[in-house]
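Here is a short briefing for a reader meeting this structure for the first time. Please look over the sequence and the model, then read the points below.

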Amino acid sequence: MEAVCRKATSGDVEALYALIEGYARKGIMLPRSRETLNRQIDTFVVAEVENRIVGCGSLCKLGGELVEIRSLGISEGYKGLGIGSRLVDKLVDEAKEQGIPKVMALTYEVAFFRKNGFEVVDKEIFPEKVWTDCVNCAKQHCCDEIAVLKMLN
Ligand SMILES: CC(C)(COP(=O)(O)OP(=O)(O)OC[C@H]1O[C@@H](n2cnc3c(N)ncnc32)[C@H](O)[C@@H]1OP(=O)(O)O)[C@@H](O)C(=O)NCCC(=O)NCCS
């Protein structure tokens with residue numbers, strides 16, 4: 001099965017919405033409205049198999065030194081095939097191109113991120129994070145996600 005990983009375009013919004021909404025309902029991702037997806041489409045990458053979107057991820061700037069991988073998800077039936085790792089590689093390359101030295105994520109999938117060269121760090125080292133997505137998260141006062149970080153230099 002050949003997956004193509006590429007930057008997202010506005011034509012992908014509906015598929016992205018459905019993929020993210022499925023994980024948001026399970027409480028493992030924050031929901032993204034169609035409006036937000038349209039506005040932030042340049043920050044997304046997608047994986048496509050036979051013209052079907054089967055994975056996505058996005059990069060959110062948290063200041064000049066740090067970006068966060070968000071909305072990373074692979075459709076059921078396409079996990080464990082290396083597609084998530086390829087999307088992470090693409091997002092990391094994007095961060096490098098932007099000259100940003102640190103890539104982080106908040107996740108339950110520590111083993112996956114470790115395999116992709118990230119290390120577990122204390123959440124408290126990321127104060128900027130609190131002022132963006134977390135304020136909209138139902139779990140903001142009882143966050144059980146784990147912070148992972150990859151240094152690019
Ligand atoms: C986490 C996720 C993105 C991984 O994508 P994927 O395409 O299935 O992962 P890959 O096939 O690239 O896996 C890369 C490696 O990580 C390992 N891995 C992936 N998920 C794992 C898990 N849950 N537990 C342990 N190892 C895992 C794989 O075994 C593989 O190891 P290998 O190289 O030794 O074979 C995907 O499972 C997913 O969409 N999960 C639900 C949404 C989610 O939690 N996203 C993270 C939000 S930050």
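The points below go topic by topic, from the core to the ligand and the loops.

This is a predicted model, in which local features need pLDDT of at least 70, side-chain atom pairs count only at pLDDT 80 or more, and totals for chains, interfaces and linings use all residues. Residues are numbered from 1 along each chain as its sequence is written, and side-chain values use heavy atoms, with hydrogens and water left out. Helices (H or I, at least four residues) and strands (E, at least two) are DSSP runs, numbered from the N terminus. Buried means under 20% relative accessible area, exposed means over 50%, and partly exposed lies in between (1.4 Å probe, protein chains only).

**Nonpolar cores**

- A nonpolar core is a set of buried Ala, Val, Leu, Ile, Met, Phe, Trp, Tyr and Cys residues joined through side-chain atoms within 4.5 Å.
- The largest such core holds 24 residues. Those with the most contacts inside it are Ile69, Ile83, Val103, Phe113 and Phe118.
- Five elements each give this core two or more residues: β2 (44-49), β3 (52-61), β4 (66-74), α3 (83-97) and β5 (102-107).
- The largest share, six residues, comes from α3.
- In soluble globular proteins, nonpolar side chains tend to be buried together.
- Ile83 touches Ala3, Ala47, Val54, Ile74 and Tyr78, not counting residues up to four places away in sequence. Contact here means heavy atoms within 4.5 Å.

- The 15 residues of α3 should span 21 Å at 1.5 Å a residue, and its end C-alpha atoms are 21 Å apart, which agrees. The expected span is 1.5 Å times one less than the number of residues.
- Buried residues in α3 are Ile83, Gly84, Leu87, Val88, Leu91, Val92, Glu94 and Ala95.
- An α-helix has 3.6 residues a turn, so residues three or four places apart point the same way.
- Glu94 sits in α3. Glu94 counts as buried because its relative accessibility is 18%.
- Leaving aside neighbours within four places in sequence, Glu94 is in contact with Lys7 and Leu59.
- Leu59 lies in strand β3 and is buried, with a relative accessible area of 9%.
- Beyond its neighbours within four places in sequence, Leu59 is in contact with Thr43, Val67, Glu68, Ile69, Leu91, Glu94 and Ala95.
- Leu59 and Leu19 are 40 residues apart in sequence; their C-alpha atoms are 17 Å apart in space.

**The ligand**

- Of the 18 residues around the ligand, Ile74, Gly82, Gly84, Ser85 and Glu109 come nearest. A residue counts as near if one of its heavy atoms lies within 4 Å.
- A polar side-chain atom of Glu109 lies 2.6 Å from a nitrogen atom of the ligand.
- A backbone N or O atom of Ile74 is 2.7 Å from a ligand oxygen atom.
- A polar backbone atom of Leu72 is 2.8 Å from a nitrogen atom of the ligand.
- On its own, the ligand has 920 Å² of accessible area, and the protein covers 70% of that. Areas come from the Shrake-Rupley method with a 1.4 Å probe; for residues, only the protein chains shown count as cover.

**Asp12**

- Asp12 is found in the loop between β1 (4-7) and α1 (13-25).
- Asp12 counts as buried, at 6% relative accessibility.
- The side chain of Asp12 reaches the backbone nitrogen of Thr9 at 2.8 Å.
- Not counting residues up to four places away in sequence, Asp12 touches Arg6, Lys7, Val46 and Ile53.

**Residues with positive phi**

- Gly99 follows α3 and has a positive phi, near 70°. Gly99 is found in the loop between α3 and β5.
- Gly99 is exposed, with a relative accessible area of 57%.
- Gly99 and Leu152 are 53 residues apart along the chain, with their C-alpha atoms separated by 9.2 Å.
- Glu50 has a positive phi near 45° and is not a glycine. Glu50 is in the loop between β2 and β3 and is exposed, with a relative accessible area of 74%.
- Ser71, also not a glycine, has a positive phi of about 50°. Ser71 is found in strand β4 and counts as buried, at 8% relative accessibility.

Terms used
Polar contact = N/O pair within 3.5 Å; in protein donor to acceptor, adjacent residues only side chain to side chain.
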